[in-house]
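Subject: Structure for you to look at

Hello,

Here is the structure I said I would send. My notes on it follow below the files.

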Amino acid sequence: MSASARHLPMTVVIGNPKPHSRTRAVALSAAVALHQRLAAGPTPVGRPGVIDLSELTAELVGQGSRPEVLDEALESVRRPGLLLVASPTFKAAYSGLLKLFVDVLPRGALTGVVAVPLMTAARAGHRRVVDTHLGALLAEVGACVPAPGLCVLERELDTAEVGIGRWLDEAAPAVVEALVGAG
């Protein structure tokens, strides 16, 4: 078995309706940091695959001409492994685009998946939304959400790597333990 075959898949879902968003930038930074942190562990994850829902909007609302692309995205998130789901905070919740995507998944679709919720927000009062809403949504679809999610405020975007590092120091042990249990 090759070294890459032993890696669990890692998928990043970006739920911002705007392409090339700040949420995407933070999510990709967090994914790289997670990949590096877990690389030497008992269940290393592969390089992150990215699903940017801003590119699938038409398919999600039934207006697109590429249903196979949506099917591939849905299959990617259902594979046992690590799933990082990122959304901006809209009206004290996750984006409607992300909700459309999750609504297409059947009940229990994320069983065997270890999920990490991530949100960007304008106000400090929205920090808890990552766990109370996004983490709860992922758990509702069957994912194991082993650690508190990461929320990066707009004023922290320029130094997001610092917050990601602190969050990883706290969250990585629980994520590793969940991946060992899932793998």
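Predicted model: local features only at pLDDT ≥ 70, side-chain atom pairs only at ≥ 80, totals over all residues.

Start with the loop between strand S1 (10-14) and H1, where histidine 20 is found. Histidine 20 has a positive phi of about 55°, although it is not a glycine. With a relative accessible area of 72%, histidine 20 is exposed.

A second residue of this kind is alanine 92, not a glycine either, with a positive phi of about 65°. Alanine 92 sits in the loop between S3 and H4. Its relative accessible area is 31%, so alanine 92 is partly exposed. Lysine 91 is in the loop between S3 and H4 as well, and lysine 91 is exposed, at a relative accessible area of 85%. Along the chain, lysine 91 and histidine 126 are 35 residues apart, and their C-alpha atoms are separated by 9.3 Å.

Next, the helix pair. Two packed helices are described by the angle between their axes and the distance between the axes. For helix H1 (residues 22-38) and helix H6 (residues 160-182), the axes come within 9 Å and cross at roughly 50°. Because of that angle, H1 is oblique to H6. The crossing of the two, H1 and H6, is right-handed. On the H1 side, the contact is made by Val26, Ser29, Ala30, Ala33, Leu34, Arg37 and Leu38. On the H6 side, the residues in the contact include Ile164, Trp167, Leu168, Ala172, Val175, Val176 and Leu179. By type, the residues of the contact of H1 with H6 comprise 13 nonpolar, two polar and three charged.

Leucine 28 is also in helix H1. Leucine 28 has 26% relative accessibility, so it counts as partly exposed. The C-alpha atoms of leucine 28 and valine 12 are separated by 7.7 Å, with the two residues 16 apart along the chain.

Is threonine 43 buried or exposed? Its relative accessibility is 13%, and the cut-off for buried is under 20%, so threonine 43 counts as buried. Leaving out residues up to four places away in sequence, threonine 43 touches Leu8, Leu38, Val176, Leu179 and Val180.

In soluble globular proteins, nonpolar side chains tend to be buried together. The largest nonpolar core here has 32 residues, and those touching the most other members are Val13, Leu53, Val77, Leu98, Phe101, Leu110 and Leu134. Two or more residues each come from helix H3 (67-78), strand S3 (81-88), helix H4 (96-104), strand S4 (113-121), helix H5 (129-140) and strand S5 (150-153). H5 gives the largest share of this core, five residues.

Valine 13 makes contact with Ile51, Leu53, Val77, Leu83, Leu84, Val85, Ala86, Leu98 and Phe101, leaving aside its neighbours within four places in sequence. There is also a second, separate core of 31 residues, with Leu38, Ala86, Val116 and Trp167 among them.

Regards

Conventions: Residues numbered from 1 in each chain as written. Heavy atoms only, no water. Axes fitted to C-alpha atoms, helices over the stretch in contact; angles between N-to-C directions. Helix = DSSP H or I, 4+ residues; strand = E, 2+ residues; numbered from the N terminus. Parallel < 35°, antiparallel > 145°, perpendicular 65-115°, else oblique. Left-handed = near helix turned anticlockwise from the far one by under 90°. Contact = heavy atoms within 4.5 Å. Nonpolar A, V, L, I, M, F, W, Y, C, P; charged D, E, K, R; others polar. Core = buried A, V, L, I, M, F, W, Y, C linked by side-chain atoms within 4.5 Å. Buried < 20%, exposed > 50% of the residue type's maximum accessible area, 1.4 Å probe, protein only.
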